[in-house]
Amino acid sequence: MAKIVRRLHIAVVAWAFVLVVSMGGGLAQAKVFDPKTFTLDNGMQVVVLPNRRAPVVLQMVWYKSGSADEARGKSGVAHLLEHLMFKGTSKHPNGEFSRTVAEYGGQENAFTSYDYTGYFQTVASDQLEMVMELEADRMTNLVLSAKDVETERAVVLEERNQRIETRPSARLREQANQKLYPKGHPYGRPIIGWRGELAALTREDALAYYKANYTPNNAILVIAGDVQVAEVKRLAQKYYAPIGAREMPARPSLLATGPIEGGETVLRDARVRQASWSENIIQPSLTNGPPMRVAALEILSEILGGGSTSRIYRALVIDQALAVSAGSYYDQSARGDGKFAFYGSPRPGVSLDQLADAVGGEARRMLSEGLKPNELAAIKKRMMADAVFSRDAMKAGAWTIGGALAAGHAIDDVEAWPERIQAVSEQDVLDALQAVLDEPRRITTRLLPQETPNTIQDGQGTGS
Amino acid sequence: MKKILWIVALAALPLWLSIAPAQAVEVERVISPGGIEAWLVQDNSNPVVSMRFAFRAGAEFDPVGKSGLANLAASTMDEGAGDLDSQAFQQILADQSISLSFSSGLDRFTGQLKTLTENLDQSVDLLRLALTQARFDAEPLTRLKSQIIAGIRADSEAPGKLAYNALFANLFAGHNYALDSDGSEESVAAITADDLRDFVKTRLARSNLIVGVVGDVTPKQVAVLLDQAFGDLPRDPAVKHGGDVTPQVSGRVQVIERDILQSTVVFGQAGLKRSDPDYYAALVMNHILGGGSFTSRLYTEVREKRGLAYSVSSSFYPLDHAGLLVGSTATENARVGETLDVIRAEWARMAAGEVSEQELTAAKNYISGSFPLTFTSTGAIARVLVAMQVHKLGIDYLNKRKSYINAVSLEDVKRVAARYLNPDRLDVVVVGKPVGIVPSP
C-alpha cells in the first residue's frame with residue numbers, strides 16, 4: 001500500500017547481492033568495496049566509499065545496538081527510540097531535523113534490527129555538512145517530553161498493527177521465532193516489541209536505552225558518494241570528534257546456547273487463502289562459522305533454492321507441479337547465529353506434508369548424487385556477476401559495510417568474499433548440506449486457511 | 001497489489017525528474033535505420049547496460065472476462081520463445097546473468113533488460129524472441145497461471161488490497177480501470193495460449209513503443225539493437241484507445257467488515273492527468289497536503305500530533321484516461337472516525353486557500369532538490385527516460401523541470417486546491433471494524 005516507510009525494520013542486508021567487485025584484473029584479483037576507514041579519538045569508526053556517478057552523498061550512522069540489547073521486559077524500546085530520535089534537540093527542536101533535510105530536497109529514514117539501529121540521509125553532495133551537523137547533534141542532545149513519547153508509542157502500536165496484527169504470515173513468524181531460539185533469547189522476540197511491553201514503555205525507558213547505547217564508541221559513520229576522504233575527515237573531526245565517549249559494557253554473546261522448543265508452529269486464520277510452509281534451521285553466521293562453511297552455505301542456498309533455475313524450483317514447481325513457489329535462503333550476517341530456511345506454497349490439492357517431503361527429497365538427492373558437472377562453476381559465475389551489478393547502485397557499499405561492522409564483523413570479512421566463494425569445493429557444499437539436514441535446532445511453520453479438510457493434513461513433522 | 005504499487009511509483013516519480021545543473025545528464029535521441037527511436041544516457045562507469053521500454057498496451061485493453069491478460073503475458077513471454085523452451089530460455093538468462101522481465105499496469109505494458117555489456121547482443125536477441133516468438137507452452141502457462149492465482153488468493157484478504165480494489169471498483173464502474181490489473185481467480189483461469197498470442201499480435205507495435213537506454217553503450221550500438229529487438233514488430237497496434245472516463249465521485253463511505261484490530265482507510269477524489277497544465281501546481285499543493293516527505297500536513301496532524309497512524313499520505317494518480325487524487329492510512333478501529341475528521345479538516349483548510357509562502361517555498365525546494373538523488377543506478381535513469389517520453393515532456397525536460405516547479409505561485413496552489421479538494425465528496429473505503437463512521441446506504 002502507499003505507505004510511508006520511515007523508520008522501518010530492515011531485516012537483512014543480503015551480502016551476495018550487494019557486493020561490489022572490480023573485474024578489471026580478473027576474478028583472482030577481485031577487490032570488493034575497497035573502503036577507506038579511520039577511527040576518531042572517541043572511538044567512532046568512519047568508513048568512506050567514494051563514488052562519483054552523481055552529485056549525491058549518503059550519510060549513515062549505525063549504532064551497534066538493536067532490539068537484542070534491550071533490557072528484559074522492555075521489548076520494542078530500541079525501535080521506539082529510533083522513532084523518537086526525530087523529535088528534536090535543544091538546538092534543533094520540534095522536528096526541525098526532518099524539516100531541514102526536506103527543505104534541501106534530502107531524503108532520510110531510519111531502521112532498527114536485532115543487532116543494530118541506523119539512520120541515513122541522501123542529499124546533494126554540497127549538503128553533507130548540514131546532515132553531519134544534525135546527526136552528530138542528536139547523538140547526545142536528544143530532548144524528549146512525556147507527551148512526545150506517549151504520542152509516538154501510539155504511532156508504533158499502529159505500526160505493529162499494520163505490520164503484524166493484520167498479517168497472519170507475520171504473526172506466524174513471530175510465534176515461530178520464539179520456538180527457534182532458547183527461552184529469553186533476544187532473537188525470539190519481535191524487533192517492534194510484544195504488544196503489552198511496548199504499550200507500557202515510558203520516556204525513562206527510552207532515555208535509558210539512549211544513554212546506554214548512543215555513544216560514538218558504539219557507532220559507525222559511513223559516507224558514500226560524491227565526496228573526498230579528506231573532506232569527510234575534516235567534517236567528522238568537526239562534528240563527531242568532540243562528542244565524548246562513554247564506557248560500554250562488553251556485549252554479551254548472542255550465540256544461542258541451551259535447549260529450544262522447536263517442533264512446528266501452525267497458524268490457521270480465516271483470512272488466509274493460500275497455504276504456505278517453511279522450515280527454519282539454525283546454522284553458523286560469520287560470527288561463529290568457519291568462513292568456508294559460511295561461503296559453502298551461501299552457494300548451497302543458491303543451487304538448491306535460489307530462483308527459477310534452482311533444483312527445488314525445477315523439481316517442485318515445474319517437474320512435479322506440487323508448488324506455486326519453493327526455494328531456500330541463508331542469512332549469514334547476524335551477530336548471533338545464522339539461519340538457513342526452506343519454504344514453499346502448494347498448488348491446489350497438494351498438502352503441506354507432500355510439499356515438505358518433496359523439498360526434503362531434493363535435498364537428499366543432492367546429497368547422494370552430488371553436483372552436476374559445471375553446476376558449481378555456473379553458480380560461482382553468477383554470484384560474481386551479481387557483484388558487478390551491485391556496483392550499479394551507489395548505496396550498496398554503505399549498506400553492506402555498515403551492516404557488517406555493526407553486527408561485529410570486520411571489513412576483511414566483506415572484502416574477502418569473492419575469494420571465499422571461488423574457493424568453495426563440491427565437497428564443501430555437500431558437507432554444508434549434511435550439516436543443514438543434521439541440525440536438530442529447527443522449526444517448521446504452517447500457514448493455513450481456516451479449514452480445507454481435503455487437502456491439508458496436520459501434525460506430522462516434515463523431516464526435510 | 002499492482003494498482004497500489006503503481007501509486008507509490010507515481011508518487012515518487014516527481015522526485016526523479018529534475019537534475020542538478022552542475023552535472024547535467026546528457027540525453028541523446030537515437031533513431032535506428034528502421035525508424036525506431038530511443039533516448040539514451042551514456043554512462044561508462046560500469047560494464048552494464050540497462051534498457052527499459054513501454055507499450056501503450058496495459059490492462060485497459062483486456063477483453064471482458066479475461067482481465068489479467070496483459071499481466072499474464074508479462075509473466076509468460078520470458079518462459080520460452082523461438083526454439084528455446086521455458087527451461088532453456090531461463091537457463092540462458094541465469095547463466096549469463098541477464099535480467100529480462102515484463103510487467104503490466106492499467107495503461108502500459110513495460111519491460112526491462114539489464115546485462116553485462118559483454119552479453120548485450122545475446123540479451124537483445126533473447127528480447128526479440130520474447131517479444132515476437134513467445135511460445136506460451138502448456139507447462140509454463142499452467143504454472144504461471146497457478147502462481148498468479150495463488151498470489152491473488154494470498155492477497156485477497158490483505159486490507160490494503162481489498163480497500164483499493166473497492167475504491168477503484170466504485171470510481172470506475174463499467175471501465176477496465178475498475179478491475180484489478182492482475183485479474184481475478186476466474187478471469188486468469190479463463191485465459192488461453194491463443195489469448196496470449198492475440199495479445200502480442202494486437203497490442204505490441206512500433207508506433208506505441210517507447211525506449212530508454214542507459215549505460216556502457218554507444219549511440220551506434222543502440223541504433224543497431226533497436227532494429228534487432230523491435231524491428232520485427234508490426235508498425236501499428238490493432239487495438240484502439242478508448243476515450244476518457246470520469247471517476248464517479250459521490251462522497252460515499254463504504255465499510256468492508258473484517259475482524260481485525262486496525263482499520264485500513266483509503267480515500268479518493270477526481271484528480272488531473274499528467275498533461276494538464278496545472279500538473280505542477282497540483283504536485284506542489286499535494287506535497288504540502290499529504291505528499292512524499294515527513295513534513296506534510298496529514299503526516300503532522302494525523303501522526304505527529306495525535307499518534308493516530310503509522311502511515312498517512314495522499315498523491316495524485318494520473319492515468320491515461322482519468323485523473324485521481326488518492327490517499328490512505330491505517331488506524332485502530334476505535335479511532336477511524338477521529339482520523340477521518342482530521343483528514344477532512346485538512347482537506348477543507350487547504351481547499352479554503354490556507355497556505356503560506358513559507359510552505360510553498362519549502363515544497364518547491366523539496367520537489368526540485370530531491371531530484372538528482374535517485375539518479376544513482378542505470379535502471380533508475382532508464383525509467384525516467386521512458387516516463388519523459390510517455391508523458392511527452394521533451395528531451396530537455398531534465399533541465400527545464402526546476403523552472404516548471406519554480407513557476408508555481410501561491411495563487412496557483414490555492415486555485416488547484418479549491419478545484420480538486422472537496423471534503424464533503426471524498427470517497428472512502430474502510431476495511432476493518434471501524435467505530436465512529438456511518439457507511440453510506
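**View 1. Phe53(B) meets its bridge partner, Gly111(B), in β5(B).** This is a predicted model, in which local features need pLDDT of at least 70, side-chain atom pairs count only at pLDDT 80 or more, and totals for chains, interfaces and linings use all residues. Residues are numbered from 1 along each chain as its sequence is written, while chains are lettered from A and ligands numbered from 1 in the order in which they are written. Strand β3 of chain B (residues 48-55) runs antiparallel to β5(B), with 8 bridges linking the two. Helices (H or I, at least four residues) and strands (E, at least two) are DSSP runs, numbered from the N terminus, and two strands count as paired if DSSP finds at least two bridges between them.

**View 2. Here β5(B) pairs with β4(B).** Strand β4 (residues 99-104) of chain B is also antiparallel to β5(B), over 6 bridges. Leu100(B) has Leu113(B) as its bridge partner in β5(B). The two strands make a hairpin, with 4 residues between them. Strand β5 (residues 109-116) of chain B has 7 of its 8 residues buried, so the rest of the structure largely encloses it. (Buried means 20 or more other C-beta atoms within 10 Å of the residue's own, exposed means 12 or fewer, and partly exposed is in between; C-beta atoms are placed from the backbone.)

**View 3. Over in chain A, 5 strands build an open sheet.** Their order is β7-β11-β8-β10-β9, with mixed pairing. β7 (263-269) and β9 (323-331) of chain A sit at the edges with a single partner strand each, so one side of each has no neighbour in the sheet. From one strand to the next, the twist averages 10 degrees. (Axes are lines fitted to C-alpha atoms, for helices over the stretch in contact, and angles run from 0 to 180 degrees between N-to-C directions.) β7(A) pairs in the parallel sense with strand β11 (residues 442-449) of chain A, over 7 bridges; Arg268(A) has Leu448(A) as its bridge partner there.

**View 4. Helix α6 (residues 168-180) of chain A lies across β7, β8 (276-283) and β11 of chain A.** Helix α6(A) runs at about 160 degrees to β7(A). Helix α11 (residues 311-319) of chain A packs on the sheet too, touching β9 and β10 (338-346) of chain A. Contact between two residues means that their C-beta atoms, placed from the backbone, lie within 7 Å.
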